[in-house]
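Hi,

Here is the two-chain file I promised to pass on. Have a look at it first, and my notes on what turned up follow below.

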Amino acid sequence: MRRIALFAALLACLTLLGGCGGGQEIESCLFVLAMAVDPAENGNLTVTVKALSGTQEAVGGASDETAPQEDGEQAQPAARTLETPEPGYIVLSATAPSCLRALSLLSATTPRTVNLSQLQEIVISRTLAETDATLSILKEIYAMYRANGEAIVVVTPDDAGDFIRRQRAILGVRLSKYLEVLFDHFSQIDTIPPDAQLAAVISAMESSVTDATAVYAAGNAFDSTLLLSGAADLDRLPGHLPRTSPAENEYLGTALFSGARMTGTLTGEETGILCLMMGRAQRRSAFIGNAQYAVSLPTRVKRTLEADGALGVRVHMNLTHVAGVRENAQADIAAQIERACVDVLLKLRAASCDAVGFGRLAIRRHLTIADWEAQNWAQDYEGRPVRAAVHVKVL
Amino acid sequence: MPEDQRTIENRVRASWRVRACTAGLCTGAQVFLLGTGAAMPLALNGAWIASLCALPAAALVALCGRRACAAPRRDGPLSRALFLLLGATLLLCAVFALASLVNLAGETLLVQARAAWIAAYALAACALCACFGGAGVGRLCFSLRWMMPLLLGLAALTQREARIEGLFPLLGTGGRPLLAACACMLGASAPALLLMLPPPELREAGEAARACPVPGAGFFVVRVLAGAAVGVLLLFAASVCITYEAIEASGEWGVRLHIVADTQAHEGVTQTLLTVLELTATELLAAATLSAAEQAIVRALPAAGRHRAGLAALVLLLAAALSAMTVNGFVWALYAAPLLFAPALVLALCHGRLGDRAP
């Protein structure tokens, strides 16, 4: 009986104490669902947020509310109409010398407190991602504003603010749910990298044993003239695809980082190979030639540092023929996947991005941190040969 | 053997079991607190290796504690001085536990609260627990003895996707810092000093109970080692779930205490449960050591037992220490905690003078 009472007391603490820290009324919070960071003039940053409006007026249509757009040290006197691109959501933007100050300005322009606990995506423009500022921006957002660590980090070659303005739910669900389902779907078909969550990206950027990857995304136009003939749709980057759905934005491929700086991209197809080499592949079917196969991995993908210093990956795959006409022999399929693996490894190496995590193996050979840091893995990685061994069994 | 005598022996053995479990829980909590507080800044991901040093030290103290309890009563000035030293050491353990609790609560559940208020509430809870006497605190610890293993289990469950690269490089920052961390971790054995004092309920028991034999050394050592091992495994889990760079970047003591709960995105119930368990274990460490400190002071100065004057004095000292740290920073508790091994060693060496059994 006494134990039950103690357990009940513990559960009461669990439910009651959780609200003690920084308790805020829901009505007083501006719940941000998507955030975009763009470079602005004079070294400033423009932060754009898409948030739940939380007012009946906004749900009913455009609002008459106005919010000034700040411009760093010199605030512009011109007021801008608060954007309501779709009912129930508002878009606010502010420009300031730092991300933190821009967020403070946003808080100041609304009667509610900016709350990033429900954040689903952070979009960074490619120009900004290619600078060293990325890590500090992400850390500021994560640490100071306690942003949702599960939010997906996205890099776009377009204007990031415009990207999230275009972003809207097309299934008649809430935008947050739509984004959640969208990222889940792309993860399951391996067209976006597996560790693109905010917390994971920050951790990888800070780590010396691995490098970060983020989702690559862009808007596709209906009248795109950049179509590349002969390549599969997944083997391109968004912005180079015909639009086949009502959504303008397409998430496809990987932005590769070396440290805090973006250094390259992978297409959707290459991202699938990366997921496979990381041992995080979720896709369970593959089209090879004109045949469809069900894919299973009977053993874990093995990453090795060979005796000659080569970076190696060993994959064992079982393919079960499902539909279509089998044209390729088992050995041909294995050689094809092997080539793709080597190409991706070479591309990663050229971008100085150890996304596969060979550094995790290299660090084990060192007893102290000083020894490990003396090796200078980032530089060492670029000079190593790559090797892939794929064993395929067609069932 | 008559039935009554067997019943008495069983009850006395149960009292010793409660004492041993309390010491085990407190040692485990101290290993975790000192590991995250003092060893991690020195050895980073090698803190768990440094914490292994606490195991033999705790076993030694537990062994000497058992011998002290079995030794005949001494009332000389040296014995009294040693009991005073024991009381002061246990009081310092309580100060360290409360300082840790303030840091942890300030980083997690009570982010916007003032440190002084958290310290006041924690001290009040600790004093209230101690008011019910050592037997009450001991039973509370015994009832919640699975709390630390539960904390470990939850941590393991939430870190099931963690990779082991956090363990490497195995020696962390290198030989010398690791040795310094090992030396710091010896201080984690101090709560095992609880075993130098017999269970308080035996004092009120009759002659037959006091004449019952003290259980063997293994009875105490196994329980203390089990508790300390849980603390070591918690530090191991903290190393597994993040890299050495992240530990280095975490900076604040409170953040390091929260590493096990915070590294994976599992906000909500699990994270809060982990934090509540950590806070409860820390509060129990403070309450148990405060209560034992009172017992030691009363043993040294019997007059302090009147109207709980000893407890009142200790609570005042505790309040003064916490007030001073609220002003000057709680990090002072971290500087003092590793030094606890020195009095623990002195007491272990002089355990023969700490006897309390009727000759």
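At roughly what angle do the axes of helix α4 (residues 77-107) of chain B and helix α18 (residues 341-349) of chain B cross? They cross at roughly 145 degrees, and the two axes come within 10 Å. An axis here is a line fitted to C-alpha atoms, for helices over the stretch in contact, and angles run from 0 to 180 degrees between N-to-C directions. Helices are DSSP runs (H or I, at least four residues), strands are DSSP runs too (E, at least two), and both are numbered from the N terminus.

Before going on, a word on the model and its labels. It is a predicted model, where local features need pLDDT of at least 70 and side-chain atom pairs count only at pLDDT 80 or more, while totals for chains, interfaces and linings use all residues. Residues are numbered from 1 along each chain as its sequence is written, and chains are lettered from A and ligands numbered from 1 in the order in which they are written.

Back to that helix pair. The crossing of α4(B) and α18(B) is left-handed, meaning that the near helix is turned anticlockwise from the far one by less than a right angle (clockwise would be right-handed). On the α4(B) side the contact is made by B:Leu82, B:Leu85, B:Leu86 and B:Thr89, and on the α18(B) side by B:Pro343, B:Ala344, B:Val346 and B:Leu347. Two residues are in contact if their C-beta atoms, placed from the backbone, lie within 7 Å. By type, the contact residues are seven nonpolar, one polar and no charged.

A residue is buried if 20 or more other C-beta atoms lie within 10 Å of its own, exposed if 12 or fewer, and partly exposed in between, with C-beta atoms placed from the backbone.

Now chain B as a whole. Its secondary structure comes to 18 helices and zero strands, and 59% of its 359 residues are buried. The C-alpha trace spans about 60 × 40 × 40 Å along its principal axes. Among chain B contacts between residues at least 6 apart in sequence, 89% join residues at least 24 apart. One backbone detail is the peptide bond from B:Phe168 to B:Pro169, which is cis, with omega near -5 degrees. B:Pro169 is in the loop between α7 (147-158) and α8 (175-185) of chain B. In general, most peptide bonds are trans, and most residues other than glycine have a negative phi.

Chain A has a couple of positive phi values outside glycine. A:Asn42 has phi near 60 degrees and sits in the loop between β1 (29-39) and β2 (45-52) of chain A. A:Asn42 is exposed, with 10 other C-beta atoms within 10 Å. A:Ser352 has phi near 55 degrees, in the loop between α10 (330-350) and α11 (359-362) of chain A. A:Ser352 is partly exposed, with 18 other C-beta atoms within 10 Å.

Overall, chain A comes to 13 helices and 17 strands, and 40% of its 395 residues count as buried. A:Ser28, in the loop between α1 and β1 of chain A, counts as exposed, with 11 C-beta neighbours inside 10 Å. Leaving out residues up to four places away in sequence, A:Ser28 touches A:Arg112 and A:Thr113.

Last, where the chains meet. The contact takes 29 residues from chain A and 26 residues from chain B. On the chain A side, the elements giving two or more residues are α1 (2-17), α8 (198-206) and α12 (369-375). Of these, α1(A) gives the most, with seven residues. The chain A side divides into 13 nonpolar, nine polar and seven charged residues.

Cheers

Notes: Nonpolar A, V, L, I, M, F, W, Y, C, P; charged D, E, K, R; others polar.
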